Amino acid sequence: MTHSPSPWTTVPIDVVGSIAVVDLEAVCELFGRDMLPYPLGRSRPVGSVWLLTREVGSVDDRLNGGDLVAVRAWVEAFARADACIGCRVRAAGENTPDLRLQGLLAGEAGFVAAQHRGPDGFDIVDIYAVPPAAVSTVIADSVGLVGAGSHSRIAVAGLEDRLPAPSSDVLEEYDQFGFLIPRAAPEGPPVRVVDGSDVAAIGTVQSVSGETWHFVRIDGDGDYLYAPEDAGYAEPLDTESLRACIDGEMPVGWGGSVGWGGSAGWDESGEWGESS
């Protein structure tokens with residue numbers, strides 16, 4: 001069964017095919033790529049006995065007329081990609097697989113890949129061909145945003161290993177007698193401090209230009225995008241703003257440049273949500 005990246009997108013998409021992550025690793029290695037594009041990858045270990053006892057042909061044969069021939073176009077595009085886009089969303093709660101979406105732009109070709117866990121427990125990647133100009137739209141539509149949050153700015157406390165820590169000027173401090181220490185009014189809109197237990201999901205987006213953005217979904221409220229430059233607060237996020245992030249544009253109302261480099265910006269291998 002092939003899972004559509006989003007039942008809500010209006011962009012025309014064509015199903016290319018599906019492939020197990022372990023097979024995708026072998027295919028990419030054949031094309032000189034020793035790693036899958038972020039955030040595709042194994043969500044759990046795969047037994048060596050299962051790998052050794054699988055009754056499948058060589059990767060080369062499977063790509064040339066075999067069961068993997070349909071995904072050859074994606075692999076060739078990955079080998080010559082002009083840009084790669086990645087999005088990973090981790091939901092709170094145990095045994096909840098991450099949402100992993102990956103986009104490729106290669107010349108006149110565009111693809112979106114969506115990873116999910118198959119009925120046998122192994123990771124599967126479904127690949128779709130989409131118009132290159134619409135790759136960011138399909139991913140933004142597929143993330144599952146619930147709507148912009150209701151507060152001008154928020155900061156999440158208690159998840160410093162996963163999210164930027166709130167700046168000291170937004171946290172309440174008390175003296176030795178238990179009285180609130182007064183402080184000067186902060187610049188800009190007020191920042192509402194949210195406890196980490198209210199976070200329903202954490203997302204990471206790597207844009208066309210290689211910049212990385214983080215967003216959170218607050219239970220009973222909505223979605224927020226973290227400000228750049230390690231500001232420690234997040235502002236309301238909607239689908240159009242997320243698309244702008246993916247395209248390397250600044251969302252409306254934001255200034256400055258993105259200060260998040262590299263990959264996720266926090267340890268994505270912890271126990272909050274999926275095991276890996």
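## Exercises on a predicted model

The sulfur of Cys 84 lies 9.9 Å from the closest cysteine sulfur, that of Cys 28, which is too far for a bond. Keep in mind throughout that this is a predicted model.

**Exercise 1. Which residues of helix α4 are buried, and where do they sit around its axis?**

First, pick out the buried residues of α4 (residues 72-79): Trp 74, Val 75, Ala 77 and Phe 78. They span an arc of only 160 degrees around the axis, so they lie on the same side of α4. Finally, look at what these buried residues pack against: α1 (21-30) and the strands β2 (83-91), β3 (99-106), β4 (109-117) and β5 (123-129).

**Exercise 2. Which residues touch the most other members of the largest nonpolar core, and which elements each supply at least two residues?**

Here is the general background: in soluble globular proteins, nonpolar side chains tend to be buried together. In this model, the largest nonpolar core has 27 residues, and those touching the most other members are Cys 87, Val 135, Ile 139, Val 143, Phe 215, Leu 242 and Ile 246. At least two residues of this core come from each of β2, β3, β4, α5 (135-142), β8 (199-206), β9 (212-218) and α6. A second, separate core has 20 residues, among them Leu 24, Cys 28, Leu 68 and Ile 127.

Now zoom in on Ile 246. Leaving aside residues up to four places away in sequence, Ile 246 touches Ile 85, Ser 136, Ile 139, Ala 140, Val 205, Ser 207 and Val 208.

**Exercise 3. Is Arg 243 buried or exposed, and which side chain does its own side chain join in a polar contact?**

Locate Arg 243 in helix α6 (residues 239-246). Its relative accessible area is 16%, under the 20% limit, so Arg 243 counts as buried. The side chain of Arg 243 makes a polar contact of 2.7 Å with that of Glu 240. Beyond four places in sequence, Arg 243 touches Ser 136, Thr 137, Ala 140 and Glu 249.

**Exercise 4. What does the side chain of Ser 142 reach?**

Ser 142 belongs to helix α5 and is buried, at 6% relative accessibility. Its side chain reaches the backbone oxygen of Val 138 at 2.6 Å.

Note on methods:
Residues are numbered from 1 along each chain as its sequence is written. This is a predicted model: local features need pLDDT of at least 70, side-chain atom pairs count only at pLDDT 80 or more; totals for chains, interfaces and linings use all residues. Side-chain values use heavy atoms; hydrogens and water are left out. Helices (H or I, at least four residues) and strands (E, at least two) are DSSP runs, numbered from the N terminus. Buried means under 20% relative accessible area, exposed over 50%, partly exposed in between (1.4 Å probe, protein chains only). A polar contact is a pair of N or O atoms within 3.5 Å; within protein, one must be able to donate a hydrogen and the other to accept it, and residues adjacent in sequence count only if both atoms are side-chain atoms. Contact means heavy atoms within 4.5 Å. The arc is that of the directions from the helix axis to the C-beta atoms. A nonpolar core is a set of buried Ala, Val, Leu, Ile, Met, Phe, Trp, Tyr and Cys residues joined through side-chain atoms within 4.5 Å. A disulfide is a pair of cysteine sulfur atoms within 2.5 Å.
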